[in-house]
Every structure is written in structure tokens, then in C-alpha cells.
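Let's walk through this model together, moving from its aromatic rings to its pockets. Have the coordinates open in your viewer as you read.

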Amino acid sequence: MWAQLEKLQFLVLFLFIIFKNVESCTFDLEKLAVENFRNYLRIPSVQPNVNYTKCVNFLKRQAESLDLPIKIVETDPGKPHVIITWKGTEPELPSILLSGHMDVVPVNREKWIYPPFSAHMDENGNIYARGAQDMKSVSIQHIEAVRRLKLNGIRLRRTVHILFEPDEEIGGVGMQAFVKTGEFKNLNVGFALDEGGINDGREIIVNYAEKSRYRMWVHCPGEAGHGSSLLNNTSAEKLRVIIDRFMDYRASEKDKLKDPKVKNGNITSINLTMLKGGLQVNVVPDVLSAAFDIRIPPDMEVFKKFDKMIHTWFDEIGCKVEYIQKNNSIPVKGTKVDESNIYWVAFKKACDDFKVDLDVSIAAWGTDANYLRTLGIPALGFSPINNTRPLLHADNEYLNKDIFLKGIKIFMKIVTAVANA
């Protein structure tokens, strides 16, 4: 009997040691993930004219720690596209692309409660930095998910590429250039995950399509003269009419959101973002201009109708348009989110198994994913960030440590599922 008790005690001690080792290993991986996240945030890869050298060096160290090959492709000098590759057991199959961008938007430092590139973590575990939500968190989650899968001895059928892109925040010009290269074609991408939205509710947003970017300067010429005169057909009079018509249309679209079934991705958004013109306060200018950032749902008929309407305004009022960006080649249906798409089936099942509730919708913003969709590559926008105030491009952007760490586990499930689809 004493021998049996000794064996039982030994077994309990053995299991305790194993449990403590697993617990310690999990803690160390979480600590490493948070450190990598914060260190990546500390790199001020701010638009415009980003120097990506520190980002590339950071990613080289990550690839080395993963024991995976890394490749850097430059489409233009100083515009690196960084690819870390985990080869699958059946590399001839179309691959999985986990895509993210390295650049972030500028900050107004005076409005931040902590320095915006300090990655300060407060007592609640909130990590403050530009890029915390958009979207350095997601790229680190991609890295850490692959790290854990490899450490667990997992092998996936399809090759997984983790991609880090330049210049997404200035219209996605990095991805736009990269998809035209032979290096991209050689990746043999079958399915991609890119950034999604942030939700302050329980659901996690997944985007299968996004609005068309339709940005423009409207130039209104008119009679110039002395500031004391009351001239006819001045540039200001014309610009006032243009602004009123755009703002009236904006109000009518915004009114549709009163219906809870209508989401931001289903309406046309219009914002007046810049004004310019004039020489001096006592001179009536010969031209005044306004810039509009417009996003149109991915429906070609809606696009054509809107395009025709505003050009009627311009002709009637006598204004000229200069396009900053006009994208009218967005696929109408985006990525299929039904049984016909094996990747969606695998993605959805992984989320269901992890008890992740999804908000499947059209993105109101623009991402690199649409350059993939235009090639016929199914792509979803997915940032596993819920119960978080959306602060993309806003002051005091932050992400909670626990939300970040949970996202790694979600990606482990999803990457395994889609790479084995």
C-alpha cells in the first residue's frame, strides 16, 4: 500500500511539474508577444516619407526568432515589401497571405496623454501608441500565432506568407505596385487576411468588400477683383453651391443610418477635408478649391449614378474636377462569404469553434485587401479587436493587452483552418 501511495505522490508531483512548465511557457510566450508588440509600436513609421529601415530590421529579427526565411522586395527605392514564409507540406497548393502595413498616420502629440511612440502600458493593461489598432497589433498577432503553431509542432498543408507593406496610409500605393510584380505572382496566393475594423461591442468585424475611394479637388473659377466690390460669378459663390450640394447629399445618406439594418459600408460617405485659394484678404480670388473624400459602396450602378450626378453639378455651376483617386474597378460582390468559398467555410468554422461572434459587413474604409480582390483573390479584412473604443487615426489610440493576446489564439485557430482547407 505504501508503494502505491509513493507512486501516486510521484505521479502528482510529475503532473505538477509539467503543469508549471506549461504555465511558465505560456506566460513567457505572452510576455514575448507583448514585448514584440510594444517594440514594434516604438518605431515611428509615420507618413509622409517614411524611413522603413527600423521596421525591416525589426522584422528580420522576428524571422530569425521564428527560424523562417525572409525576403525584401523593393518596388521603388525605400519602399520595401517584407515577406516571412512558412512553407507548407503541400507547397504546390495556393498559399495563405497574412497581410499588414508598416506605416502609420501622423499624430498631434499635444493631444496624447502619453507620448505616442512610447507604447506606454497603464495599470489596466491598455497600451497607448499610434498603430496600436491600425494595424501593428495585427501584424504581431500574425507573427506570434505562427510562432506558437511552430512550437506546438504543427505543420500546415498550405504555405503561409506573412507580408508587411509600405504606404497603405497614403492610398495603398505600396500594395498597388507590389501585386504587379513577378515576386507577388510567385507567392501563389489563394486566400488573404488583411486589416479589419474595430468594434466597441461584442462582435468582431469581418469585411468581405469595401467602398470605392473617390477623392477629388473641385476648383471653382470666378471673377477676381478688389475686396470692396460685389462682383458677379465669384469663385466663392460657386464654391458655396458645390459645398451645399455635397453636404446636403451627405446629410441624406447619413439619415439612412437611423435604420439599424443599414451600416456605414452600405451608404456613400462624403467629407470636406481641405480648402485652398486666395492671395490676400482684400483680393477677391480668381479660384477657390475644396477637397472631398468620398467613399462609395461596391456597387457599380450606385457608382455610375453618383458620378453622373456630381458631374452635372460641375457643368451647371462651371467648376472643374481634379481627381486625387478614382477607383471604379471594385468587384461588386467582393469576396464570397458562402459555401462556395472553401476558405470562408474554414474561417467561419474556426471562429464558431472559438465562439467568436462576427459582424460580416462592407468596410467603410479602404485597405490593401481590395488590390487583392481586384485580382480575383478572396480576401477578408479581420482585426480581432472587440470591446474596444475605435480610435483608428485618432488621438490616444490604444489596445488592451488581454484583447491583443486573445487575438493571437484566434489567429492560431483561423490560420490552421484556412491553411488546411
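Is F404 buried or exposed? At 0% relative accessibility, F404 counts as buried, where buried means under 20% relative accessible area (1.4 Å probe, protein chains only). Before going on, please note that this is a predicted model, in which local features need pLDDT of at least 70, side-chain atom pairs count only at pLDDT 80 or more, and totals for chains, interfaces and linings use all residues. Residues are numbered from 1 along each chain as its sequence is written, and side-chain values use heavy atoms, with hydrogens and water left out.

F404 has a ring partner in F37: the centres are 4.5 Å apart and the planes meet at 15 degrees, so the pair is stacked. Here rings of Phe, Tyr and Trp (its six-membered ring) pair if their centres lie within 6.5 Å; planes under 30 degrees apart count as stacked, over 60 as edge-to-face and the rest as tilted. The pair links distant parts of the chain, with F37 in helix α1 (residues 2-41) and F404 in helix α10 (residues 401-419), 367 residues apart. Helices (H or I, at least four residues) and strands (E, at least two) are DSSP runs, numbered from the N terminus. F37 is also buried, with a relative accessible area of 0%.

Another pair, F178 and F184, is edge-to-face, at 5.6 Å centre to centre and 75 degrees between the planes; both residues are buried. In total there are 16 aromatic pairs, and ring pairs join Y214, Y249, F303, F306 and Y323 into a cluster.

Now for the pockets. A pocket is an open set of points on a 1 Å grid over the protein atoms alone, where a 1.4 Å probe fits, with protein on both sides within 12 Å along at least five of seven lines; lining residues have an atom within 4 Å of a point. The largest pocket holds about 1,100 Å³ of space, the volume being that filled by probe spheres set on the points, which are joined across faces, edges and corners. Its lining has 41 residues, of which R215, D293, R295, A364 and W365 lie nearest the centre. Strand β11 gives the largest share of this lining, 5 residues.

The second largest pocket has a volume of about 190 Å³. Among its 13 lining residues, I205, N264, D359, S361 and W365 lie nearest its centre.

Key: Buried means under 20% relative accessible area, exposed over 50%, partly exposed in between (1.4 Å probe, protein chains only).
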